[in-house]
Amino acid sequence: MLKLKFVVDEDYVIAHALSWIHNRRRLPFPAWKEFRREFWEKYPKIYYLITGFIEYNIVFCSLRKISLETQTKQMKAVLREIKKDKRVKRLIEETKLYCEKVRKDWERNKRKALKWLSELSGISLPSTTITVLITHPKLRNGVYIGEKIICWGGPEEYPNFNTAGLCHEILHYLTYSRKRSKIMHSIIELLAEEEIRIRLNKKGRYFQYPGRKDLKKIKRFVFPYWKRYLSERKEKNIFELEKKIQENALKKFRPSELIHFV
Ligand SMILES: [Zn+2]
C-alpha cells in the first residue's frame, strides 16, 4: 500500500517561511516581517544560506576563506537559537495544528483518492511510504523534490484541496522524469485537481479554478485528448496518452514550450 507520512520538520518550516524565492511577498502573520528583518540584520551570512542566496556564501568561501561547512554549522546553531523566539514558536505551532488537519483530510479520503488515481493513470501503486513535509498554512507550497519527499502547505482554495493536491504530488513521484514535460504535468493537473476534485466533492466543473499559470495553454490543448481518454473503454495508460499528445503538440508548439525550465 502507498502510504503518506506527515512530518513537521521545524528547520524546514522556518527556511520555507523565510525563503526569498517562494515567500518574499507572503507572510504567515504580520509580525513575521519584523522577525525577518531582525534576523537579516543579526545574521546576514546565515540569512543568505537559508533564504536562497547561497551564491553569496560561495563568495565568502572564495574571498574570505570561510568554508561552507563552517557556515552550515553556524546555521544549525542559529536555528536552535531562534526557536526560542515567540514568533518562530507561533510559526511552528500553527504549522503543527495545520499538519493534523492535512493528515485527517488524507486519512478520510485516501482509500477513494488512491483508487481513482491508480485507475485513471493506469499505474499500479507501489508499496512504499512517501514523506510529506508540511509548511505554514498561509504560505503556498506544493512540490515533489525527489527521494520520496513531498513538500506541502497553503490556503485551501476548495473543499478537499489538500487531497487533490497531494494526489498531484504523488503523480509527480510516479511519473518522475528529468525532462519535466508540460504535457505530463497538464495530465497530472487534469487527473488530480480536476477529475479527483470533482469526484471527491461530488460537484464542480473542469477549469473552475485557475491552476498553474505556466500550464494554461498546454493544459487547454491536452484537455480534449484527456476527455476522450476518460471515455474510452480500453485500459488506461497516461504514458501512452502523453506520447500520443506529444506527437500532435509538436505541430503546434515549439519543443521548448513543452518542457519546464528547471
Ligand atoms: Zn506539479
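Two residues count as in contact here if their C-beta atoms, placed from the backbone, lie within 7 Å. With that cut-off, take the contacts in this chain that have a separation of 6 or more: 69% of them join residues 24 or more positions apart. Keep in mind that this is a predicted model.

The chain has eleven helices and four strands. Its C-alpha trace spans about 60 × 40 × 35 Å along the principal axes. There are 262 residues, and 29% of them are buried.

Next, the domains. How is the chain divided? Domain 1 runs over 10–98, and domain 2 over 106–258. Their C-alpha centres lie 32 Å apart. The contact takes eleven residues from domain 1 and eight residues from domain 2. On the domain 1 side, two elements give two or more residues each: helix H1, 10–18, and helix H7, 86–121. The residues on that side of domain 1 divide into six nonpolar, three polar and two charged.

One spot before we move on. Tyr-56 lies in helix H5, residues 54–63. Is Tyr-56 buried, partly exposed or exposed? It has 13 C-beta neighbours inside 10 Å. Buried would take 20 or more, and exposed 12 or fewer, so Tyr-56 counts as partly exposed. For a distance, take Tyr-56 and Arg-140. They are 84 residues apart in sequence. In space they are 26 Å apart, C-alpha to C-alpha.

Now helix H9, residues 182–201. It has 20 residues. From its first C-alpha to its last it reaches 27 Å, close to the 28 Å expected at 1.5 Å a residue. How many of the residues of H9 are buried? The count is 16 of 20, and the helix is mostly covered. After H9 comes Lys-202, with a positive phi near 55 degrees.

Stay with positive phi. The loop between H9 and H10 holds Phe-207. Its phi is also positive, near 60 degrees, and this residue is not a glycine. Phe-207 has 12 other C-beta atoms within 10 Å, so it is exposed.

Then Lys-148. This residue is found in the loop between strand S3, 141–146, and strand S4, 149–153.

Last item: a helix pair. Helix H10 covers residues 216–231, and helix H11 covers residues 238–249. Their axes come within 11 Å and cross at roughly 140 degrees. The crossing of H10 past H11 is right-handed. Which residues make the contact? From H10 we have Phe-221, Val-222, Tyr-225 and Tyr-229. From H11 we have Leu-241, Lys-244, Ile-245 and Ala-249. Sort them by class and you get seven nonpolar, no polar and one charged. As for the spacing, an α-helix has 3.6 residues a turn, so residues three or four places apart point the same way.

To recap. Two domains, with centres 32 Å apart. A mostly covered H9. A right-handed crossing of H10 and H11. That's the tour.

Key. Residues numbered from 1 in each chain as written. Predicted model: local features only at pLDDT ≥ 70, side-chain atom pairs only at ≥ 80, totals over all residues. Axes fitted to C-alpha atoms, helices over the stretch in contact; angles between N-to-C directions. Left-handed = near helix turned anticlockwise from the far one by under 90°. Nonpolar A, V, L, I, M, F, W, Y, C, P; charged D, E, K, R; others polar. Domains from an automatic or database assignment. Expected span 1.5 Å × (residues − 1).
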